[in-house]
Amino acid sequence: MSRERARRRAEREAAAARLAEKRRAGAEREARRRERWRRMRGRLPRTAPGAAARGRRRRALGVAAVFLALQGAAWLLGLPSMARFGVLVVSLLVFPIGAFLVFDRR
């Protein structure tokens, strides 16, 4: 009887040790993930708070969305390669000026 109890206790202890090892490995993995995230966040630029910065980001995203939509339309229309390249070059030259004229508040 006592051998049976000892065997069951050893099985319980072995299962508990496996579970503890699994938890420890998970905690180490989580700690490494958090450390990687912390290091990466240190390299990323901080976004400026406030309504002005929010508006500036919104305008920049709007200009980028229109630019990408124009490039996508050039691809979907099946223009020849040189025409698509021409659309890209003209867009790169015109979009900064257009954005300045559209969003300038003076």
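1. Areas here come from the Shrake-Rupley method with a 1.4 Å probe. Of the 106 residues, 8% count as buried (under 20% relative accessible area; over 50% is exposed, and in between is partly exposed).

2. A word on the model: it is predicted, with pLDDT of at least 70 needed for local features and 80 or more for side-chain atom pairs, while totals for chains, interfaces and linings use all residues. Residues are numbered from 1 along each chain, and side-chain values use heavy atoms, leaving out hydrogens and water.

3. On the fold, you'll find 3 helices and 0 strands, in the order α-α-α along the sequence. The radius of gyration is 30 Å, well over the 13 Å that the globule rule gives for 106 residues, so the chain is more spread out than a compact globule. (That radius is over C-alpha atoms; the rule is 2.2 Å times the number of residues to the power 0.38.) Along its principal axes, the C-alpha trace spans about 90 × 40 × 20 Å.

4. Charge next: the chain carries 28 positive and 8 negative side chains, and the centres of the two sets are 11 Å apart. Lys and Arg count as positive, Asp and Glu as negative; His and the chain ends are not counted.

5. Have a look at Arg54, Arg56, Arg57 and Arg58, which gather in a surface patch of positive charge (over 30% relative accessible area, no salt bridge, like charges joined within 9 Å). Arg56 sits in helix H2, residues 51-76, and is partly exposed at 48% relative accessible area.

Technical notes: Helices (H or I, at least four residues) and strands (E, at least two) are DSSP runs, numbered from the N terminus. Buried means under 20% relative accessible area, exposed over 50%, partly exposed in between (1.4 Å probe, protein chains only). The place of a charge is taken as NZ of Lys, CZ of Arg, CG of Asp or CD of Glu. Patches are made of residues with over 30% relative accessible area and no salt bridge: like charges are joined within 9 Å, nonpolar side chains (Val, Leu, Ile, Met, Phe, Trp, Tyr) within 5 Å. A salt bridge is a side-chain nitrogen of Lys or Arg within 4 Å of a carboxyl oxygen of Asp or Glu.
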